[in-house]
Amino acid sequence: MHSRSVELAARSQRLVIFSLIAIGLGFLIVVQLRSQAAVARTLANQDDTSVALLINDLNHANNQLMQQSAALAEQQAQLQQALTSGGADSQALSKELSTLREVNGAAPVHGPGLEIRILGPVMDFELQDALNNLRNAGAEAISLNGYRIVGSTPVVSRGDILMVAGHAVGTPLVLRVIGDAEQLGPAADLSASSLQTRVQVDIQRQSDLTISEVVIPRPLIYAQLGR
Amino acid sequence: MTVLASVSLATFLVAGLAATQFRSQPLPPSNRVAREQALRQSVNQLQDQNSTLKARVQALEAGVKAGEDESARRSSAAQEVKAQLDEQKTYAGLSALHGPGLTVLLHDGTDPNSSADHSLGWTIHYQDLQDIVNLLWASGAEAIAVNGQRIVPSTAFHYAGVNILVNNASRLSPPYTVIALGDPPALANGVGNPDQLAELKSRNRIYGLGFSWVRSTRLSVPAYDATFLMKYAQPIG
C-alpha cells in the first residue's frame, strides 16, 4: 500500500515536471518563431544602406503622389464647377483622355529626352533591363526602331533575333525616350555600362524628340471589368 | 533514472532553443543603435505617409469619376468622351478586372551557406519578376498584378538595397504571387516552355524556389492605386 502511494506520488511529480518543461518549450518555440517572423517583416535585418535607399525612394514616391493628388483635386474642382453652374465640362474629360492615350501609347507625342543608339546585338533581358531602368527614371514615352514601347510590350529573343511586340528589330537599335533628361541620363548610363563591354552605346540628349509611332491596344477577350 | 534522463534531455533542448533565440537578436554596437532606430523610424513614418497619400489619390479618383459620370448624364458630348475615357482607363490599369488566367508562385529558396556559392541564386531578384511579367505579356496576358500591385505602363521593378520596389515605392516581399488574366493554356504553355525562364528554372531545381503555376477559371487583379502624370511628353496636333 505504502509502495503504491510512493509510486503515485513519483508519477505525479514526473507529470508536473514534464508539464512545466512542455510549457517552457512551447513558450520558447513560439517566441523563437515570432521573433524570426518579426525580424523578416520589419527592417531589423536590413543594413543601413538598404534603409537609406528605401527612405530616398519613399520620399520620391511620396512627392509624386502629392503631385498626383494636386492634379486630381484640380480636375475634380473643374468638373464640379461646371456641374454647379448647370453644365458639363467635356474639356476636362478630353484632357484626361488625352493624357491616358499618351500613357497607353495610343497618341503621338513629343518632348525632351534621350536618343540612345546601340550599335550591336543585345539579348532580350538586356533590353528589358534598359527599358525597366528608363521607366524607373520616369520615362513617359519610348520607341525602338519605329515601334512604340509600352509597359505591356513583350521583348523576346528568338535565337539571335530580337523581337519587340512580335517584330524583329535589327542593329543599330535606336531608342527614343521622352522624360526628364536629368533623371533619364544616369539610368541610360547604367544600362550602357553593362552593354559597353560588348557593343558601342551612344547617348544623346535632345531638347525635343518626336515619337510618332502608336500602339493600338488589343481588345480584352478574357478579362472583364470588376473584381 | 528515467526522470533524470528526461529532465536532462529537456534541459538540453531548452538551452539550445534559448541559445538560438539569443543569437537571433540583433547585436549592433551600442553607438549605432540610435542611428539605426532613427532610420527605421523614418521609414515607418514615410510608409505611413505613402499609404495615406495613396488613399487620398484613390478618394480623389473616385470623386473625379463621380463628376465624370454626372457630366456624361448631362451632356451627350461629355458622354461620348466618357466612353473613350473608360476604355483608356481599362487599358491603363485604372480599373479592377477579373477573368480566367494563371497564378505564378515563387519564394526565396534555401541559403546553401556554402563558401563555394556566393551567387545569391537562392533569393528571388527583381529581374526574375520582370522576366516573368515580360513572358506573361508575350504569352497573351491582358492584365497582370504582382503581390496585389497592378502592372501598369509606368511600372518598373527596382532595388532599394535589398528591397524590391514597384509602383510608388510599394515594397514586395516573398512569397511572390503573379496573377495574369488571359487564356490559361496559352499562359501556362508560355511559362512552361523549357526555352523560357531557363535560368530561373535551373535555380529552382538547385535552391527550391517553389516556382510553380496554376491555371484558374476566375482570378482578379486590382486597379492601380495611383494615377499618371505626363510632365514632359506633349501630344502632337
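Predicted model: local features only at pLDDT ≥ 70, side-chain atom pairs only at ≥ 80, totals over all residues.
**Entry 1**

Two residues count as in contact if their C-beta atoms, placed from the backbone, lie within 7 Å. I then took burial: 40% of the 237 residues in chain B are buried. Buried means that 20 or more other C-beta atoms lie within 10 Å of the residue's own; 12 or fewer means exposed, and in between is partly exposed. Chain B has 6 helices and 9 strands. These are DSSP runs numbered from the N terminus, helices being H or I of at least four residues and strands E of at least two.

Ground rules, for my own use. Residues are numbered from 1 along each chain as its sequence is written, and chains are lettered from A, ligands numbered from 1, in the order in which they are written. Local features need pLDDT of at least 70 and side-chain atom pairs count only at pLDDT 80 or more, while totals for chains, interfaces and linings use all residues.

**Entry 1: Ala145(B)**

I picked one residue in strand E2 (residues 143–146) of chain B, namely Ala145(B). Ala145(B) counts as buried because 24 C-beta neighbours lie inside 10 Å. Leaving out residues up to four places away in sequence, Ala145(B) touches Arg150(B), Ile151(B), Ile179(B), Val221(B) and Pro222(B). I also checked Thr177(B): it is 32 residues from Ala145(B) in sequence and 8.1 Å away in space, C-alpha to C-alpha.

**Entry 2: H4 and H5 in each chain**

In chain B, the axes of H4 (residues 126–138) and H5 (residues 184–192) come within 9 Å and cross at roughly 135 degrees. Axes are lines fitted to C-alpha atoms, for helices over the stretch in contact, and angles run from 0 to 180 degrees between N-to-C directions. H4(B) and H5(B) are therefore oblique to each other. Angles under 35 degrees count as roughly parallel, over 145 as roughly antiparallel, 65 to 115 as roughly perpendicular, and the rest as oblique. Leu135(B), Leu136(B) and Ala138(B) of H4(B) meet Leu187(B), Gly190(B) and Val191(B) of H5(B).

In chain A, H4(A) and H5 (residues 181–195) pack at about 165 degrees, axes 8 Å apart. So H4(A) is roughly antiparallel to H5(A). H4(A) passes H5(A) in a right-handed crossing. A crossing is right-handed if the near helix is turned clockwise from the far one by less than a right angle, left-handed if anticlockwise.

**Entry 3: between the chains**

Which residues of H3(A) meet H3(B)? I found Ser90(A), Leu93(A), Ser94(A), Glu96(A), Leu97(A), Leu100(A), Arg101(A) and Val103(A). The H3(B) partners include Val81(B), Leu85(B) and Lys89(B). The axes of H3(A) (residues 90–103) and H3(B) (residues 76–92) come within 9 Å and cross at roughly 25 degrees. That makes the H3(A) and H3(B) pair roughly parallel. H3(A) passes H3(B) in a left-handed crossing.

The whole contact takes 92 residues from chain A and 89 from chain B. On the chain A side, H2(A) gives the most, with 27 residues. That side has 45 nonpolar, 35 polar and 12 charged residues. Ala, Val, Leu, Ile, Met, Phe, Trp, Tyr, Cys and Pro count as nonpolar, Asp, Glu, Lys and Arg as charged, and the others, Gly among them, as polar.
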